[in-house]
Amino acid sequence: MGDIIAKFSEIFGKKPVAVSRAPGRLEILGNHTDYNEGLVLSAAVEQATEFAIAPASGSICTVVTFTGNGESKVEFDLNDIDSAKPGDWSNYIKGMIVKLREHGHQVGAFEAAIWSNVPLSAGMSSSAALEISAGFAFSVVFGIELPKADWARIGQAVENQYMGVQSGLLDQFSSIFGEKDHLIYCDFREVAVKRTVPVSPGYLLVVANTMVKHDLVDSDYNLRRINCENAAAKLKEKYPEIKALRDVTPDMLEAAKDLLDHQDYLRAKHITGENQRVIDGVAALEAGDVETFGKLMFESHRSSVDNFENSCPELDCLVELAKSIPGCLGARLSGGGFGGITIHLVDASEAGNYCERLETAYKLQTGKEIQTIECAIGPGASVETL
C-alpha cells in the first residue's frame, strides 16, 4: 500500500491514519440462482480498491481518486448527503455514511485518497469494492465495530436504497469474505457464506469483456424472475414442501414438466441445473479435480444459451473459441448476461498467450475488439492502522 500512502501524503501534506483494501469479484458458477434462494460460487480477485484516510475538522470531506484514467477530486458536505447526485462516483462513499448513520454510527469529516485497478463496467463489481474499502476505513478512524456480514448488508443497502439498484449481497460478500486461491460458497436462502473452497494452484481467471450492452436488459431480467416465480408456484402444486426453485431437483422438475408453461420450464431447468452444478463444482474442487470443474463451466454456459436465453452472439463466440485454445479448462458468461463478460478458467502458465489468441481469434471472427483481464483469485477486504 506504499503508493497510496505516498499519494495521500503528497496531496494532503500529512500521512493517512489508516489504509483499507477491498477487492472486486467474479461470479464463477450459479447464474441467476441468488433470487431463487439458491447457491453461488464466486471469487474475490487481486484487482482491488485502496482507501487511505485521515480525519478532518468541520463537515467538508475531500476525496481524491486516481486510476489509469487520471485523477478526480470531489468535496461534499456531511450535512448535504441525504440523496445521491446523478453521475457522481462519490455517491457510493456518501451512501455508506448515510446507511451507517441509520444504524447509529457517526462518520465525521475526513480527507481520503483512493486508488483502484478494478475495471469499471467489466462485471467485477467496482462499486462494492469502493463501498467496502470506504466502510473498513471508516471502521478504524471513527471506531465503528460491526460483524463482516453487517458491513456487507450496509453495502447492499447503499446499492438498493441510496443508488436505486436492486442487487443482492453477492458482490459485498465476495469482497469481504474472499480468500486467496479459494472460491466463496454462498447460500442465498441463509444469506450467508457457507465456506471457502480451494482451487488447485496454477490456475487463474481470464475476463473477456465484450463491452456489449444490449437493449431491454432490465425488462429481460425482470421477465426471467417472473418465469422462475411462475415455475415455483406451479411446482408447489405437486410438491407442497418447496419454497423456491432452490428446493427443486432436476429429477423433480422433469417429473412435473407437463404442469409448466414451456418457457417457465426452461428457466427452471437452468436454475435447478445451476444449483446442482454449484454442488458438483464444490465436490470437484475439494477433490482437486479442476478439469471437471471446467466442464461444469461449459455446461453452465450451454444452459444459459438453451434454457435461460440470457446469452448473446458475442458471448457465445468467446466461449466457443475457448474450447479450441490451449490452456483453457472452462468458460461461461458471468453475471446477468445479455452482453457483458465471459470468464475463462486458464492454466496460469498459458494465460498471456491465451489472452492474445482469444483477442486475435475474436477479432477475426467478428471484426470487433475485446478487453481481456488476467485475474488471480485474491484475499478479501482488510484495513491497516498506520
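In the largest nonpolar core, which has 42 residues, Phe51, Phe76, Ile93, Phe110 and Phe138 touch the most other members. A nonpolar core here is a set of buried Ala, Val, Leu, Ile, Met, Phe, Trp, Tyr and Cys residues joined through side-chain atoms within 4.5 Å; buried means under 20% relative accessible area with a 1.4 Å probe, protein chains only. Helix H3, residues 126-141, gives the most to this core, with seven residues. A second, separate core of 31 residues includes Ala43, Val199, Ile373 and Ile377.

This is a predicted model: local features need pLDDT of at least 70, side-chain atom pairs count only at pLDDT 80 or more, and totals for chains, interfaces and linings use all residues. Residues are numbered from 1 along each chain as its sequence is written, and side-chain values use heavy atoms, leaving out hydrogens and water.

How do H3 and H4 cross, and at what angle? The axes of H3 and helix H4 (residues 148-162), lines fitted to C-alpha atoms over the stretch in contact, come within 10 Å and cross at roughly 130°. The contact (heavy atoms within 4.5 Å) is made by residues including Ile132 and Phe136 of H3 and Trp151 and Val158 of H4. By class, this contact has five nonpolar, four polar and two charged residues, with Gly counted as polar.

Finally, helix H10, residues 313-322, is largely enclosed by the rest of the structure, because seven of its ten residues are buried. Among them are Glu314, Cys317 and Leu321. Strand E8 (203-213) and helix H9 (290-308) are included in what covers the buried residues of H10.

Technical notes
Buried < 20%, exposed > 50% of the residue type's maximum accessible area, 1.4 Å probe, protein only. Helix = DSSP H or I, 4+ residues; strand = E, 2+ residues; numbered from the N terminus. Axes fitted to C-alpha atoms, helices over the stretch in contact; angles between N-to-C directions.
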